[in-house]
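Have the viewer open as you read.

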Amino acid sequence: AANQRSEAIDFRETAPAAVGRDFYLNEQGTVDETRLRHHYQAAGVPGTVAGLALAHARHGRLPWRRLVEPAIRLAKQGFPVGFELAQSLQEVRERMAPWPASRKAFFKADGSAYSPGETLVQPDLAASLEQIAEQGAKAFYEGGIAQKLVADLRAHQGAITLEDLKNYRAVVRAPVRGTYRGYEIVSMPPPSSGGVHLIQILNLLETWPLGELGHNSAATIHRLAEAMKLAYADRSEYLGDPDFVEVPVAGLISKAYARELAARIDPNRARPAADIKPGQPQ
């Protein structure tokens with residue numbers, strides 16, 4: 001606030017050092033979806049604790065422990081399960097079936113799911129948060145939590161090592177910026193794709209008088225859907241981790257490129273997604 005500067009703190013998960021280009025391919029050379037999505041090997045090196053610690057170090061005013069204490073209290077004493085959480089846990093119940101610790105953390109002792117209004121208590125989480133409150137991010141990346149985490153991963157062919165955790169760093173990046181009808185947009189840069197494509201989609205929507213077309217009218221929703229299709233086609237081709245690939249951010253968020261894409265949208269007919277290929281933002 002003092003210098004009116006915006007920054008983005010990137011604490012996305014990263015791939016463990018052992019994960020190379022072909023790590024998730026099976027013997028037939030195709031992607032092993034189970035290892036990719038529902039296995040210990042699917043886990044990335046977590047960044048949340050490091051990211052929040054970096055935000056606190058750069059901008060925090062209250063003591064770190066005071067900030068963590070409400071979360072400790074919620075984990076230790078529990079909180080009432082809302083409708084959406086109850087529904088979400090019910091949906092992932094079968095997926096969690098192979099993992100006893102997950103079942104123990106998120107379901108009742110008899111294995112049944114929590115209903116809305118019932119209290120979910122998480123003593124293991126409370127114990128972890130206590131260590132983080134006392135020792136800071138080091139507890140998670142080098143201390144007792146790291147030791148337990150890696151021991152469990154090792155026992156189930158996981159890829160994350162103590163070295164991976166110790167080497168994790170949250171990164172301060174310059175935000176991505178754009179405008180929409182006179183408003184400034186400041187959002188998350190790559191490796192997040194959200195900020196780039198938010199601006200790209202808003203650039204496309206500036207082409208049409210949405211106020212006249214009407215909120216949630218068929219004409220407005222049609223244009224929004226078609227703009228999203230084009231942005232997501234570009235996402236599939238160009239958005240990656242800037243530490244490893246060149247992301248054409250300037251082209252993707254340029255007004256000129258948006259006008260070029262908007263010219264391809266038929267105001268009266270939807271294009272099948274299969275017909276839409278990435279553009280040329282470069």
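How many aromatic pairs does the structure hold? The structure holds four, where rings of Phe, Tyr and Trp (its six-membered ring) pair if their centres lie within 6.5 Å. This is a predicted model, so local features need pLDDT of at least 70 and side-chain atom pairs count only at pLDDT 80 or more, while totals for chains, interfaces and linings use all residues. Residues are numbered from 1 along each chain as its sequence is written, and side-chain values use heavy atoms, with hydrogens and water left out.

**Rings**

- Phe 140 and Tyr 141 form an edge-to-face pair, with 4.9 Å centre to centre and 70° between the planes; planes over 60 degrees apart count as edge-to-face, under 30 as stacked and the rest as tilted.
- Tyr 141 and Tyr 168 are stacked, because their ring centres are 5.9 Å apart and their planes lie at 10°.
- Helices (H or I, at least four residues) and strands (E, at least two) are DSSP runs, numbered from the N terminus.
- Ring pairs join Phe 140, Tyr 141 and Tyr 168 into a cluster.
- Phe 140 is buried at 14% relative accessible area, Tyr 141 is buried at 6%, and Tyr 168 is buried at 6%; buried means under 20% (1.4 Å probe, protein chains only).
- The charged end of Arg 35 sits over the ring of Phe 23, 5.5 Å from its centre; the criterion is CZ of Arg or NZ of Lys within 6 Å of the ring centre and within 35 degrees of the ring normal.

**Largest pocket**

- The largest pocket has a volume of about 1500 Å³, the space filled by probe spheres set on the grid points.
- A pocket is an open set of points on a 1 Å grid where a 1.4 Å probe fits, with protein on both sides within 12 Å along at least five of seven lines; lining residues have an atom within 4 Å of a point.
- Of its 35 lining residues, Ala 101, Ser 102, Phe 106, Leu 149 and Asp 152 are the closest to the centre.
- Helix α7 supplies the largest share of this lining, seven residues.

**Second largest pocket**

- The second largest pocket holds about 1100 Å³ of space.
- Arg 12, Glu 13, Thr 14, Ala 15 and Asp 241 are the closest to its centre among 31 lining residues.
- Helix α13 (218-238) gives the most to this lining, with three residues.

Terms used. Buried means under 20% relative accessible area, exposed over 50%, partly exposed in between (1.4 Å probe, protein chains only).
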